[in-house]
Amino acid sequence: MEIRKAKKTDLNDIYVIEHDSIGLETKNTILSSYQNHNFCYFVCEDKKKIIGFILVSFASDEAEIISIAVDKDFRRNKIGQSLLDFATKFLLTKKIRTIFLEVSENNKSAISFYLKNGFVKSYERKNYYFENGRGTNALVLRKILG
Ligand SMILES: CC(C)(COP(=O)(O)OP(=O)(O)OC[C@H]1O[C@@H](n2cnc3c(N)ncnc32)[C@H](O)[C@@H]1OP(=O)(O)O)[C@@H](O)C(=O)NCCC(=O)NCCS
């Protein structure tokens, strides 16, 4: 298993995992994030198959985890953990001090994952998402890098 910066040829696999796990992006938005110099995709490749990715953005001394997803068949194997660790090391090289992210209050597995990794609740955005026919709050989580 290898974690590395994404190549353009990985973008279709990223799209498939994103579509299956989150469903917010199109092939065009993924390409445009890939081409943005303040964004970076990292992927996890196992036996020539992409099984997870993370997308971070960074500017000044702050970064954001825009998305992270692991192929359903490979979850709870520390792939998400490895992707987050790898991205965090990269962000430290960019002199990032604080990482933010936004997550639906209904996404219990992702919230557990982030809390396990030292993120703390910063504030809530009321009715930020529209899920299952109603407004859902977003939690904004924050981690200060030591
Ligand atoms: C969130 C996500 C990326 C985690 O990836 P993963 O590879 O399955 O997670 P890991 O195996 O690295 O988990 C590390 C720790 O996080 C916590 N965790 C991860 N998934 C969890 C779950 N479903 N329930 C409770 N805790 C969980 C656990 O503490 C876990 O450690 P443990 O297995 O030793 O108990 C994955 O569940 C996913 O792709 N979810 C769908 C997409 C998504 O919601 N992304 C986040 C919003 S952008």
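Which residue just after H3 takes a positive phi? I looked this up and found Lys95, with a phi of about 65°.

Before going on, I noted that the model is predicted, that local features need pLDDT of at least 70 and side-chain atom pairs pLDDT 80 or more, while totals for chains, interfaces and linings use all residues. Residues are numbered from 1 along each chain as its sequence is written, and side-chain values use heavy atoms, with hydrogens and water left out.

Entry on H3. I took helices (H or I, at least four residues) and strands (E, at least two) as DSSP runs, numbered from the N terminus. Among the buried residues of H3 (under 20% relative accessible area, with over 50% exposed and partly exposed in between, 1.4 Å probe, protein chains only) I listed Leu83, Leu84, Ala87, Phe90 and Leu91. The buried residues of H3 pack against strands including S3 (49-59) and S4 (62-70), and against helix H4 (108-116).

Entry on Asp71. I found Asp71 in the loop between S4 and H3, where it is buried at a relative accessible area of 14%. Leaving out residues up to four places away in sequence, I saw that Asp71 touches Ile17, Lys49 and Ile51, contact meaning heavy atoms within 4.5 Å.

Entry on H1 and H2. I noted that Leu11, Asn12, Ile14 and Tyr15 in H1 meet Lys27, Ile30, Leu31 and Tyr34 in H2.
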